[in-house]
Amino acid sequence: MTAATRVLTAHVPLPLADKVDQMASRLERSRGWVMKQALSAWIAQEEERDRLTQEAMADVDAGHVFDHQAVQAWAQSLGSDQPLPVPR
């Protein structure tokens, strides 16, 4: 059974289109296959970025934050002979 599809059109700069064509040729795949792979990877990356952002915002809402000055002091101490412990 074949999944339903829809054609999407995008204008891309010629150098990018040439790279897609080169990649398709090198992989012995169609231009459409390369574009689907690239779009799938980009969407997965953006979904993960959104998930991590939502997780971070939930931590902030729950009060799981560190004092900026404590983090700054810790970071500045890292190159010293007596680095501070990680803020908790």
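Predicted model: local features only at pLDDT ≥ 70, side-chain atom pairs only at ≥ 80, totals over all residues.
Local features here need pLDDT of at least 70 and side-chain atom pairs count only at pLDDT 80 or more, while totals for chains, interfaces and linings use all residues. Residues are numbered from 1 along each chain as its sequence is written, and side-chain values use heavy atoms, with hydrogens and water left out.

View 1. Going from the N terminus, the order is α-α-α; helices (H or I, at least four residues) and strands (E, at least two) are DSSP runs, numbered from the N terminus. The radius of gyration is 23 Å, whereas a compact globule of 88 residues would sit near 12 Å. That radius is taken over C-alpha atoms, and the globule rule is 2.2 Å times the number of residues to the power 0.38. Along the principal axes, the C-alpha atoms fill a box of roughly 60 × 30 × 25 Å.

**View 2. Glutamate 28 sits in the loop between helix 1 (14–27) and helix 2.** Its phi is near 55°, a positive value in a residue other than glycine. For context, most residues other than glycine have a negative phi. Glutamate 28 is also exposed, at 73% relative accessible area.

**View 3. Helix 2 covers residues 31–61.** Its 31 residues reach 45 Å from first C-alpha to last, close to the 45 Å expected at 1.5 Å a residue; that expected span is 1.5 Å times one less than the number of residues. After helix 2 comes glycine 63, with a positive phi near 85°.

**View 4. Arginine 49 has its place in helix 2.** With a relative accessible area of 45%, arginine 49 counts as partly exposed. Lysine 36 is 13 residues away along the chain, and the C-alpha atoms of the pair are separated by 20 Å.

**View 5. Serine 77 belongs to helix 3 (residues 68–77).** Is this serine buried or exposed? Serine 77 is buried, with a relative accessible area of 8%. Skipping its neighbours within four places in sequence, serine 77 is in contact with Gln82, Pro83 and Leu84 (contact means heavy atoms within 4.5 Å). A polar atom of the serine 77 side chain lies 2.8 Å from the backbone nitrogen of leucine 84.

Technical notes:
Buried < 20%, exposed > 50% of the residue type's maximum accessible area, 1.4 Å probe, protein only. Polar contact = N/O pair within 3.5 Å; in protein donor to acceptor, adjacent residues only side chain to side chain.
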